[in-house]
Amino acid sequence: MTQTTGKLLGWILGTALAIGFVVVMGQLAIGPAAQSMVPAPATSAGLTEVLFYVLAGVTIAGAAGVALSHNILYSAIGLLMALLGAGSLYVFLSADFLAVAQLLIYIGGVLVLVLFAVMLTNRITEITVSNTSLGLWGGLMLFVAVAPVLLAVALVTPWATITPAAAAHTTETIGDALLSRWLLPFEVASLVLLASLVGAVAIARKEIKAD
Amino acid sequence: MVPVQWYLLLAAVLFGVGLVGVLIKRNALIVMMCIELMLNAANLTFLAFARQQGNIGGHAIAFFVIAVAAAEAAVGLAIVIAIYRTTGSVNVDDVRELREEG
Amino acid sequence: MLSSPQRKPFSPRAVLVITLAVGVLLFGALFTGILVLTAAIKPVMIAAFLRQVVGVDPATWPHTTLVTWVSMAITALILLTFGAVISGATVWWEMRVSARMQSRIGYNRAGAGGFLQWIADAVKLLFKEDLIPAEADQLLFRVAPYFVMTGFALTFVALPFGEGLVAADLNVGIFYMVAVTALVVVGILLAGWSSNSKWALFGGMRAAAQVVSYEIPAGIAIMVPVLMAGTLSMQGIIRAQGAWPWQWFVFTNPAATVAFLIFFISQLAEGNRTPFDLPEADSELVAGYLSEYSGFRFALFFLVEFGNLWVMAAVLTTLFLGGWQIPWVSAADWTAARGALGDLPGAGWWGLQLLSMLVMVLKTLVVLNVIVWIRWTLPRIRIDQMMNLCWKYLVPFAFAAFVFTLLWQVLLARVPLLATFTGFIMTGLFVAMAALFGRQVKANIAASGDHVDLTNW
C-alpha cells in the first residue's frame with residue numbers, strides 16, 4: 001500500500017517535473033512574441049547557469065555511457081540522454097528550431113533506426129548483447145591525449161566577446177537563410193538525402209536471385 | 001548568460017568521448033553512435049558561435065549536419081545489416097576480407 | 001457501486017447522483033484549474049496579480065520567482081491529472097459506444113452507466129503485483145514506461161485549450177508536438193525488447209516500423225496548414241482560421257481536405273489504433289509489446305494509449321477545424337476584452353476564455369468520437385497493406401497536397417476571395433454528404449426492420 005502510493009507519487013512528481021521543465025524552457029527562451037514585449041519578470045539570474053550545468057552533466061554522462069557501456073542497448077540509452085541534453089542546450093543558445101529538429105530527427109529517426117538495427121543483428125536469446133572494446137586504458141590514454149588540446153583551444157583563444165542579441169524566433173530567419181545565402185548547400189543536401197534513401201534501400205534489401 | 005567557452009568545453013569533452021568510443025569499440029553500431037556524438041559536439045560549437053556572433057549561418061550549417069547525420073545513419077545501418085547477413089557478425093575487425101595478407 | 005452481498009446496494013437514484021457528482025466535480029475542477037492556471041502562469045499575468053491582488057511591486061518583491069515556480073508546478077500537475085482522467089473517461093466512452101455498436105450493454109456496474117468503472121479499473125491495476133519476468137532486462141523493462149509516459153505528458157505543454165489557455169505557446173509548437181511523440185516510440189521499442197518474449201519483440205518492432213513510416217505522411221500533411229497560416233505556433237495556426245466552418249482550413253483549400261484525411265489516417269497509425277493496431281494484434285501477438293507488463297506499468301501504457309486520443313483529436317481540431325475560434329468574436333474583441341496589458345483582465349475576458357474552451361473541447365470530443373467509431377467499424381489490416389498504404393498512397397498524395405498548397409497560396413495572394421468561395425462550396429458539399437449519409441443510415445435501419453433506441457443506457 002505505502003509502496004504503491006510512494007511509487008505513484010514519485011511518478012506524478014517526476015512527470016510533472018518534466019512538464020514544468022519544458023514550460024520553464026519555453027518561457028525562458030522560446031516564448032511567444034507577446035511575452036517578449038512586456039518587461040521580463042524577475043527570473044533569477046542563476047537559473048540558466050544551474051540548468052546549463054545539469055544539462056551538461058546529463059550530456060556527458062550519456063556520452064560516457066555510449067562509449068563505455070558493455071550492453072549495446074544501454075549505449076543506446078546513453079545516446080538518448082546525450083542527444084536530449086545537447087538538444088536542451090540548443091534552447092539556451094536560442095536555437096529553438098534546431099532543438100526540436102534534434103529531437104525529431106535524432107531521437108525519432110536515428111535512434112529508432114539504431115535500436116532497430118540492434119534488434120535485427122542480435123538474437124533475442126542473447127539477453128546481454130555483447131559490445132566488445134579494446135580496453136578502457138587505451139581509450140583513457142587517447143582521451144587524455146585529445147581532450148586537453150581541444151580544451152586549451154577553447155580556453156586560451158581570446159574569443160571576441162560580443163554581447164549576444166536577445167533570444168529571437170529563429171524559424172523564419174533560418175528559412176530565409178536557407179533559401180538565400182545557403183541555397184546551393186541546401187539543394188545539395190536534398191540530393192544527398194535522396195541518394196542515401198536510394199542507397200539504403202539498395203543495400204539493405206535481400207538479393208533476388210535470378211535463377 | 002553562460003559564456004561561450006563553457007559550451008566549447010562541453011563540445012570538446014563530447015567530441016573526445018565520441019572519438020574514444022569510435023576507436024576502442026569493435027561493434028559497428030556503437031561506432032556509429034559515437035560518430036553521432038562527435039557530430040553533435042560539432043553542432044554545439046556551431047550554435048555557440050552562432051549565438052555569440054549573432055549570425056544565423058551557424059544554424060544553417062547545424063541543420064545540414066543533422067540532415068547529413070540522418071543520411072549517414074540510414075546508409076550506415078543498411079551496410080551494417082548487409083554485413084551481418086553475409087558474415088553473421090557486426091564486429092568491425094571481422095570485416096577484413098579485402099585486406100592484404102601479412 | 002461496489003455492491004457486495006453483505007451490503008444493501010444503493011438505489012438507482014443515489015447511484016445517479018453520486019456519478020453525476022463525481023463527474024461534475026472531477027471535470028469541473030480540472031477544467032477550471034486549466035482555465036485559471038494556464039492563463040495565469042504568463043509572466044505578465046503573475047506580475048499583474050502580485051501588483052493588484054497581493055499589493056506588492058513584482059520587480060522588487062523577493063518571492064516573485066517562487067510564486068512563478070509554484071504556479072507552474074501546480075499547472076503541470078493539473079495538466080498531468082487531466083491527461084490521466086481524460087484517458088480514463090475515454091476508455092469508458094469507447095466501451096459504451098462499442099457495446100452499442102455490437103448490441104451489447106457494456107460497462108454498467110460501477111456508477112450510473114458504468115461511468116465509474118475506469119476509476120475501479122485504475123485502482124485495481126495499482127494494487128496488482130508489478131511483475132518483472134525473470135529473464136527480462138530489469139533496468140530497461142523498468143524505464144520503458146517512463147519514456148512512453150514522458151512523451152505523452154510533454155505534448156500537453158503546447159496543447160491549446162482556449163484563446164489564452166496554453167501552458168506555453170511555443171513558436172515551434174506543432175513541430176514540437178510531432179517531436180516529443182518520438183519518445184513514445186523509443187519506449188515501445190525498449191519495452192518490446194526488454195521483455196525477452198517473442199510476442200513483445202514482434203510487437204515492438206512492428207510498432208516502431210509503423211510509427212516511423214507514418215511520421216512522414218503526417219509531417220508533410222502538417223506542412224499544409226503551416227503554409228496556410230505562415231507559422232508553426234499552435235495558437236498562431238488557430239488565429240489564422242475563422243470560427244465558421246467555411247473559414248476552417250479543412251474547407252478553404254481543397255488540398256487541405258486531402259491533408260486532413262492523410263493526417264487523420266497517420267494519427268490513427270501512430271496511436272496504434274485499429275485498423276492499424278498490428279503492434280498489439282491480440283489474435284497473433286497476445287498483447288504485443290505490453291504482453292509481459294502488469295500492474296502499474298501496464299496501467300501507464302494503457303493510459304498513454306487512450307490519453308493519446310485526446311491529443312490526436314485536439315491537434316486535428318487545431319490544425320484543420322478552427323480550434324477555439326468563437327463565432328462573432330474577432331481578434332479585436334479579444335484585445336478589447338483584455339483591457340490594459342499590465343492589468344488583470346476583467347470578467348468579460350474570462351467569460352470569453354471559458355467560451356473558447358467550450359468550443360475547443362466540444363470539437364475535440366466530436367473528433368474523438370469519430371476515432372472511436374472507426375476503431376469499432378474497420379477490421380485490422382495486414383502489415384504489407386499497412387506499408388503499401390503509407391508509402392504508395394499517403395506519401396505521394398501528401399506531397400501533391402503540399403505542392404498544390406504552395407500554388408494555391410500564390411493564387412490566393414492575387415484573388416483573396418477565392419478562399420471564402422471555396423469555403424462555402426466545400427462546406428455545402430460536406431453538409432450534403434452528411435445529409436446523404438444520414439438518409440442512407442435511416443434507410444438501412446428501416447430496411448432491416450430495426451429501430452433506433454436510445455433509452456437503455
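Start by selecting chains A and B together: 69 residues of chain A are in contact with 63 residues of chain B. Contact here means C-beta atoms, placed from the backbone, within 7 Å. This is a predicted model, in which local features need pLDDT of at least 70 and side-chain atom pairs count only at pLDDT 80 or more, while totals for chains, interfaces and linings use all residues. Residues are numbered from 1 along each chain as its sequence is written, with chains lettered from A and ligands numbered from 1 in the order in which they are written.

Stay on the side of chain A that touches chain B. Colour helices 3 (46–68), 4 (72–92), 5 (96–121), 6 (136–156), 7 (171–179) and 8 (183–204) of chain A; each supplies at least two residues to that side. Helices are DSSP runs (H or I, at least four residues), numbered from the N terminus. Helix 5 of chain A gives the most, 12 residues.

Now colour that side by class. It has 51 nonpolar residues, 17 polar and one charged. Nonpolar covers Ala, Val, Leu, Ile, Met, Phe, Trp, Tyr, Cys and Pro; charged covers Asp, Glu, Lys and Arg; the others, Gly among them, are polar.

Four residues of domain 2 of chain A are in contact with four of domain 3 of chain A. On the domain 2 side, two are nonpolar, one is polar and one is charged.

Definitions and conventions: Contact = placed C-beta atoms within 7 Å.
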